[in-house]
Amino acid sequence: MAIQKKKLLFLIFVTTIVFSFMALPALGQKMPRSFSLGTNPQGSIYYAAGSATAKVLSENLPVPVRVQPHSGSSTFLPLINAGELQLGLNNSNDVRMAFRGLKPFIPTPNLRLVSVLFVLRVAPMVRANSGIRSLQDIRGKRVAGEYRAHLAVWYNSTSMMANAGLTWDDVKMVPTATVVTGAQLLIEGRVDVAWFAVGAAKGREANASISGGIRYLSIDPNPDAVKRMQDVMGGTYAAPMKKGATAGVLEDIQVQAYDTYVT
């Protein structure tokens, strides 16, 4: 039943996109030769989802839809705002802050939502044999941070640390640009903790590349801890994942979840 509902929602989403673009000639606007869909870098779950979405749209539109990967979802919001990029995959916090012009985002008042595409699940990622078993254990550890080109992950990481009552002052922050480069630092042994979407390609690569594999850490689902997380990154909540759901989920855990939009 849940699968049928997801298929129906995706069909509604595709139909909305198709009719919106087919209406362009009737509005006196010339149909472009192609559309571009902005995503995160290759190896990210947004790139995989964007590729699948572009394929379906290309099969239903009179022009192709091409994936255009960027360093991070926050970097291409101004391009959508200016009309230089037609579509994008963005998380709810990026969209909320950019549309309202909240710093450090560039104001994007022309941004519009098309649909919720899926719920993203994110968690701290460590080496399984590191001895780190909880978020509390990352205190004093080397943690991928800053995310200059990928503000969403800065909010992910900061909010999940807040969930555990931690701040960046409690860890040794190692600057990195994007979610994918952060995961690469973990593979290379240059950080102890990275932040990643559970089940994404780079996470599976990390699990295969690291001796002993990876472990995703659980966040605290208690209301006070979730509120601390939401105070940093609005729209997030705790969601359960069962042991073995994907590589790195070594026991039943709670992960950070929030909506992914097509904008």
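Trainee: What share of the residues of the protein counts as buried?
Mentor: This is a predicted model. The protein has 263 residues, and a residue counts as buried under 20% relative accessible area. The share that counts as buried is 48%.

Trainee: How many helices and strands make up the secondary structure?
Mentor: The protein exposes about 12300 Å², with 55% of that supplied by carbon and sulfur atoms. Its secondary structure comes to eight helices and 10 strands.

Trainee: Is H6 roughly parallel or roughly antiparallel to H7?
Mentor: H6 spans residues 179-187 and H7 spans residues 201-209. Their axes lie 10 Å apart, at an angle of about 5 degrees. Angles under 35 degrees count as roughly parallel, so H6 is, relative to H7, roughly parallel.

Trainee: Which residues of H7 does H6 meet?
Mentor: By class, the contact of H6 with H7 has four nonpolar, two polar and two charged residues. From H6 come Val180, Ala183, Gln184 and Ile187. In H7 they meet Lys202, Glu205, Ala206 and Ser209.

Trainee: Where around the axis of H7 do its buried residues lie?
Mentor: The buried residues of H7 are Lys202, Gly203 and Ala206. They cover an arc of only 105 degrees around the axis, so they lie on the same side of H7.

Terms used: Residues are numbered from 1 along each chain as its sequence is written. This is a predicted model: local features need pLDDT of at least 70, side-chain atom pairs count only at pLDDT 80 or more; totals for chains, interfaces and linings use all residues. Side-chain values use heavy atoms; hydrogens and water are left out. Axes are lines fitted to C-alpha atoms, for helices over the stretch in contact, and angles run from 0 to 180 degrees between N-to-C directions. Helices (H or I, at least four residues) and strands (E, at least two) are DSSP runs, numbered from the N terminus. Angles under 35 degrees count as roughly parallel, over 145 as roughly antiparallel, 65 to 115 as roughly perpendicular and the rest as oblique. Contact means heavy atoms within 4.5 Å. Ala, Val, Leu, Ile, Met, Phe, Trp, Tyr, Cys and Pro count as nonpolar, Asp, Glu, Lys and Arg as charged, and the others, Gly among them, as polar. Buried means under 20% relative accessible area, exposed over 50%, partly exposed in between (1.4 Å probe, protein chains only). The arc is that of the directions from the helix axis to the C-beta atoms. Accessible areas come from the Shrake-Rupley method with a 1.4 Å probe; for residues, only the protein chains shown count as cover.
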